[in-house]
Amino acid sequence: MSDQTATLPAVHLRVPTHEDAVAWHRLFDDPEVMEFFGGTSAELSMYEELTARQRRHDAELGYCLWTLLDADGEPIGFTGAQPWPRDWGPTGEIEIGWRLGRAAWGKGYATAAAQATVERLRAVGVPSVVAMIRSGNERSIAVTRRIGMELAETFTTPWAPGDPEPRRVAHCFRLAL
């Protein structure tokens, strides 16, 4: 175990509850948090649908985007994996991801949670994962490096309604489990 790993916080992951939709909406209602996700907050209904989909993923696949809890049991974001949901990029692959409320940034939670996710995915037999990170998102790129991922491909993302930039570069990092 590296010195960096030894200093990571303990993480607690749980299958998202219906109530977590409200927590995620509150945590991510921040332009800085959403900078690489279109820049604006999503409606509560989107998080309600997302948490419901994650409960289905957990039941059907054995993994999902789990709610990340701090030491006091309070939600601070999510981490986990799900099948790549788009018709461009690494189709057919399993994407690992994380998003934390700003108050949890810089404390090692994302790296610790990503490592816990990798361990859980190995346990259910997932052979490899990808992480799609928009260029410029240095914090997330650093997490991919800390967990041993390597840059595999670069994609130009299609324009999405509400996105101020017509196209962005996204880096695809891969890790064999």
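This is a predicted model: local features need pLDDT of at least 70, side-chain atom pairs count only at pLDDT 80 or more; totals for chains, interfaces and linings use all residues.

Trainee: Why is the contact between Arg102 and Asp30 called a salt bridge?

Mentor: The cut-off is 4 Å between a side-chain nitrogen of Lys or Arg and a carboxyl oxygen of Asp or Glu. Here N to O is 2.7 Å, so the pair is within the limit and counts as a salt bridge.

Trainee: What makes that pair a tie between separate parts?

Mentor: Arg102 lies in the loop between strand 4 and helix 4, and Asp30 in the loop between helix 2 and helix 3, so the parts they tie together are 72 residues apart in sequence. Asp30 and Arg102 also belong to a salt-bridge network with Glu32.

Trainee: How do you know whether Asp30 is buried or exposed?

Mentor: Buried means under 20% relative accessible area. Asp30 has 11%, so it is buried. Arg102, at 40%, counts as partly exposed.

Trainee: And what separates Arg53 and Glu49 in helix 3?

Mentor: About one helical turn, because they are four residues apart. Their closest N and O atoms are 2.6 Å apart, again a salt bridge.

Trainee: Where do Arg174 and Glu153 sit?

Mentor: They form a salt bridge at 2.9 Å, with Arg174 in strand 7 and Glu153 in strand 6, 21 residues apart.

Trainee: Which helix gives the largest share of the lining of the second largest pocket?

Mentor: Helix 5, with five residues.

Methods: Residues are numbered from 1 along each chain as its sequence is written. Side-chain values use heavy atoms; hydrogens and water are left out. Helices (H or I, at least four residues) and strands (E, at least two) are DSSP runs, numbered from the N terminus. Buried means under 20% relative accessible area, exposed over 50%, partly exposed in between (1.4 Å probe, protein chains only).
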